[in-house]
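This report describes the strands, the loops and selected side-chain arrangements of one protein model.

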Amino acid sequence: QVQLVESGGGLVQAGGSLRLSCAASGRTFSSYPMGWFRQAPGKEREFVAAISWSGGATYYADSVKGRFTISRDNAKNTVTVYLQMNSLKPEDTAVYYCAAAPVVGLVSLPDLRYRYWGQGTQVTVSS
């Protein structure tokens with residue numbers, strides 16, 4: 001059974017930090033690139049960051065570049081993807097989702113098509 005489970009969301013003041021985690025199991029996620037997305041109330045879901053299967057390549061939305069860092073731990077049975085969020089702003093408030101793209105080998109991180117999604121975790125940044 002495929003499972004992507006996010007955690008680590010919460011309420012934080014502007015300028016603060018949070019670290020999101022996504023535990024992925026049920027597929028060979030260690031071979032897949034993965035990403036983070038977010039959706040604010042009344043807005044469309046938007047891309048935040050992506051990481052290659054090895055962690056050697058990353059890609060960020062301009063809005064979070066320099067503030068957020070994506071990383072991963074390819075353990076044997078469960079892959080964990082992290083999103084370290086620093087210098088948070090009220091406009092970062094959203095539900096954050098992790099996702100996986102079932103492709104292997106060399107891929108273009110900006111062009112990934114994600115198939116597997118988590119249920120999301122709420123991040124609220126107060127001003």
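## Terms and basis

Buried means under 20% relative accessible area and exposed means over 50%, with partly exposed in between; the probe is 1.4 Å and protein chains only are considered. By this scale Lys89 is partly exposed, because its relative accessible area is 34%.

The model is predicted: local features need pLDDT of at least 70, side-chain atom pairs count only at pLDDT 80 or more, and totals for chains, interfaces and linings use all residues. Residues are numbered from 1 along each chain as its sequence is written, and side-chain values use heavy atoms, with hydrogens and water left out.

Helices (H or I, at least four residues) and strands (E, at least two) are DSSP runs, numbered from the N terminus. Two strands pair if DSSP finds at least two bridges between them. Strands of a sheet pair through backbone hydrogen bonds, either parallel or antiparallel.

An open sheet is formed by four strands in the order E1-E3-E8-E7, and the pairing is antiparallel. The edges are taken by strand E1 (3-7) and strand E7 (68-74); each has a single partner strand, so one side of each lacks a neighbour in the sheet. From one strand to the next the twist averages 15 degrees, where axes are lines fitted to C-alpha atoms (for helices over the stretch in contact) and angles run from 0 to 180 degrees between N-to-C directions. Seven bridges connect E7 with strand E8 (residues 79-85) in the antiparallel sense. Within this pairing, Phe68 has Met85 in E8 as its bridge partner.

Strand E4 (residues 34-39) pairs with strand E5 (residues 46-51) in the antiparallel sense, over five bridges. Trp36 has Ala49 in E5 as its bridge partner. The two strands E4 and E5 make a hairpin with six residues between them, and Gly42 in its turn has a positive phi of about 75 degrees.

E5 also pairs in the antiparallel sense with strand E6 (residues 58-60), over three bridges. Here Ala50 is opposite Tyr59 in E6. E5 and E6 likewise form a hairpin with six residues between them, and the turn contains Gly55, whose positive phi is about 85 degrees.

Ser52 belongs to the loop between E5 and E6. Ser52 counts as buried because its relative accessibility is 10%. Contact means heavy atoms within 4.5 Å. With neighbours within four places in sequence left aside, Ser52 is in contact with Pro33, Ala57, Arg72 and Leu109.

## The disulfide

A disulfide is counted when a pair of cysteine sulfur atoms lies within 2.5 Å. By this rule there is one disulfide. It joins Cys22 to Cys98, with an S to S distance of 1.9 Å. The torsion about the S-S bond of Cys22 and Cys98 is about 40 degrees, and the disulfide is therefore right-handed. Because Cys22 lies in strand E3 (residues 18-25) and Cys98 in strand E9 (residues 94-100), the pair ties together parts 76 residues apart in sequence. Cys22 and Cys98 are both buried.

Rings of Phe, Tyr and Trp (its six-membered ring) pair if their centres lie within 6.5 Å; planes under 30 degrees apart count as stacked, over 60 as edge-to-face and the rest as tilted. The count by this rule is seven aromatic pairs. One of them is the edge-to-face pair of Phe29 and Tyr32, at 5.8 Å centre to centre with 85 degrees between the planes. Phe29 and Tyr32 are both buried.

Phe37, Phe47, Tyr59, Tyr114 and Trp117 are linked into a cluster by ring pairs. A charge sits over a ring if NZ of Lys or CZ of Arg is within 6 Å of the ring centre and within 35 degrees of the ring normal. The charged end of Arg45 sits over the ring of Phe37, 5.8 Å from its centre. Arg45 also lies over the face of Trp117, at 3.8 Å from the ring centre.

## The loop between E8 and E9

Lys89 is located in the loop between E8 and E9. Apart from neighbours within four places in sequence, Lys89 is in contact with Arg67 and Val125. The C-alpha atoms of Lys89 and Ala40 are separated by 13 Å, and these residues are 49 residues apart along the chain.

Ser87 is also placed in the loop between E8 and E9. Most residues other than glycine have a negative phi. Ser87, although not a glycine, has a positive phi of about 50 degrees. Ser87 counts as partly exposed because its relative accessibility is 42%.
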